Amino acid sequence: MSPVEVTRRYLERVTDLNPKLNAYITINPEALSEAEAVAERMRQGEALPLAGVPVAVKDNIVTRGLRTTCASKSLERFVPPYDATVIQRLREAGAVILGKTNLDEFAMGSSCEYSHFGATRNPWDLERVPGGSSGGSAAAVAADLAPVALGSDTGGSVRQPAAFTGVLGFKPTYGRVSRYGLVAFASSLDQIGPFARSTRDLALLMDVIAGPDPRDATSLEVPPRFVEALEARVEGLTIGMVKEALEAGNTPGVLEAVERFRTVMEGLGVRFVEVSLPSLEYALAAYYLVATSEASSNLARYDGTLFSYRSEGEDLVEVMMRSRAEGFGPEVRRRVLMGTFALSSGYYDAYYGKALKARRRIYQDFEAAFAQADVLLTPTSPTPAFKLGEKTQDPLAMYLSDTNTVAVNLAGLPGLSLPAGNEDGLPVAVQLIGRALEDERLFTLSMAFE
Ligand code: GLN
């Protein structure tokens with residue numbers, strides 16, 4: 001099939017099904033002509049690793065000429081003048097941007113319900129959430145409204161929605177994928193990551209988007225070798241079962257998925273040991289202090305004076321205050337308030353300073369665990385997808401299920417969520433955590449499990 005034909009079929013499918021799922025906020029009106037341009041490059045003999053592959057992109061990754069809303073009223077009409085590095089690399093590789101997907105406003109949430117454009121629904125059960133914040137990208141890949149997609153992961157936003165929708169989702173080592181053009185939420189935690197329905201597709205995407213970028217000072221000089229890693233052997237590796245993550249709170253189906261993964265891997269010669277992360281219990285508290293503190297600073301720019309939603313007022317201060325009050329939804333306002341409070345003088349040492357210490361402890365726990373095992377195993381999320389509306393009235397309940405994913409961002413490590421079973425007809429998943437820069441090894445294991 002030609003790039004144009006593939007793109008046309010996907011656009012038809014999106015037109016049919018998106019009204020039900022609300023996975024996309026914006027369809028790229030140029031998708032077909034961009035596919036035509038790719039076809040022309042192929043005729044010229046260019047070798048394109050992603051020739052004509054349609055990609056769905058989370059709407060907090062900027063795309064030149066295509067509006068990028070962050071699912072916020074404040075950026076409802078923002079059309080970026082440049083492409084994010086990942087988008088530039090996708091285009092060079094011959095991919096076609098199909099459209100921009102739904103998320104929790106500014107990537108703050110775990111259900112894709114806190115969106116100015118309405119909730120996304122889980123293709124497995126329309127009464128349930130697809131997870132978040134990259135729920136639109138996850139639902140799009142699960143329902144084949146795109147073969148692959150990009151999301152962003154600050155505390156689990158790629159891995160948890162991947163788990164809830166039965167697809168693969170990957171959060172790279174901090175610095176392996178450029179953040180240039182990713183709208184910042186919490187800069188020390190944010191990473192862009194891919195979704196796919198197979199390990200190979202996930203690897204193909206990583207080989208295109210990862211690698212050093214002079215435009216992101218935190219990007220690392222490590223070339224991606226993901227497809228190569230698919231051929232490696234798993235025999236002789238040691239996996240550490242994280243004790244604290246397997247204790248209370250997991251549903252039976254989630255625990256069965258962990259056991260299933262273990263049985264398959266043991267059959268392939270992988271050794272299992274138990275490891276402990278004693279500070280895991282502080283991960284959530286540390287995460288919500290670090291993430292909200294950084295967010296309160298990053299979101300200061302949306303004051304109505306430059307490119308975001310602008311309200312009316314008597315003077316500049318009133319315009320700014322009203323623009324922010326009206327432009328941000330409830331969860332974003334809550335987080336900016338929490339972060340501003342945590343950073344304010346007199347509270348800084350008690351909250352932000354403590355959170356940094358806990359973050360350091362968590363990192364050290366991981367280091368100790370990796371002295372005993374090459375890769376660690378946890379459930380991605382302790383339960384399958386929950387119902388729409390179930391947790392929106394109780395922000396704390398929404399935060400609580402993210403422990404296993406947020407710890408990985410605090411330590412900057414790579415984390416891969418892979419589907420490993422189902423419970424009452426809903427997908428459940430396990431998470432593999434690697435040492436820093438050993439991202440590729442997780443793909444070797446995932447490929448062996450598949
Ligand atoms: N659910 C977490 C939060 O609400 C993680 C979000 C994310 O990774 N962007 O902050």
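Tutor: Let us begin with α10 (residues 283-298) and α13 (residues 349-369), whose axes come within 9 Å and cross at roughly 125°; helices here are DSSP runs of H or I with at least four residues, strands are runs of E with at least two, and both are numbered from the N terminus. The axes are lines fitted to C-alpha atoms, for helices over the stretch in contact, and the angles run from 0 to 180 degrees between N-to-C directions. α10 and α13 are therefore oblique to each other, given that angles under 35 degrees count as roughly parallel, over 145 as roughly antiparallel, 65 to 115 as roughly perpendicular and the rest as oblique. Ala283, Ala285, Ala286, Leu289, Val290 and Ser293 of α10 make this contact with Tyr351, Tyr352, Ala355, Ala358, Arg359 and Ile362 of α13, two residues being in contact if their C-beta atoms, placed from the backbone, lie within 7 Å. By class, the contact of α10 with α13 has ten nonpolar, one polar and one charged residues, where Ala, Val, Leu, Ile, Met, Phe, Trp, Tyr, Cys and Pro count as nonpolar, Asp, Glu, Lys and Arg as charged, and the others, Gly among them, as polar.

This is a predicted model, in which local features need pLDDT of at least 70 and side-chain atom pairs count only at pLDDT 80 or more, while totals for chains, interfaces and linings use all residues. Residues are numbered from 1 along each chain as its sequence is written.

α10 also packs against α12 (residues 330-343), at an angle of about 100° and with the axes 7 Å apart. That makes α10 roughly perpendicular to α12. On the α10 side the contact involves Leu289, Thr292, Ser293, Ala295 and Ser296, which meet Arg335, Val336, Met338, Gly339, Thr340, Ala342 and Leu343 of α12. The contact of α10 with α12 divides into six nonpolar, five polar and one charged residues.

Ser133 lies in the loop between β3 (96-101) and α4 (135-142), and a cis peptide bond, with omega about 10°, joins Gly132 and Ser133.
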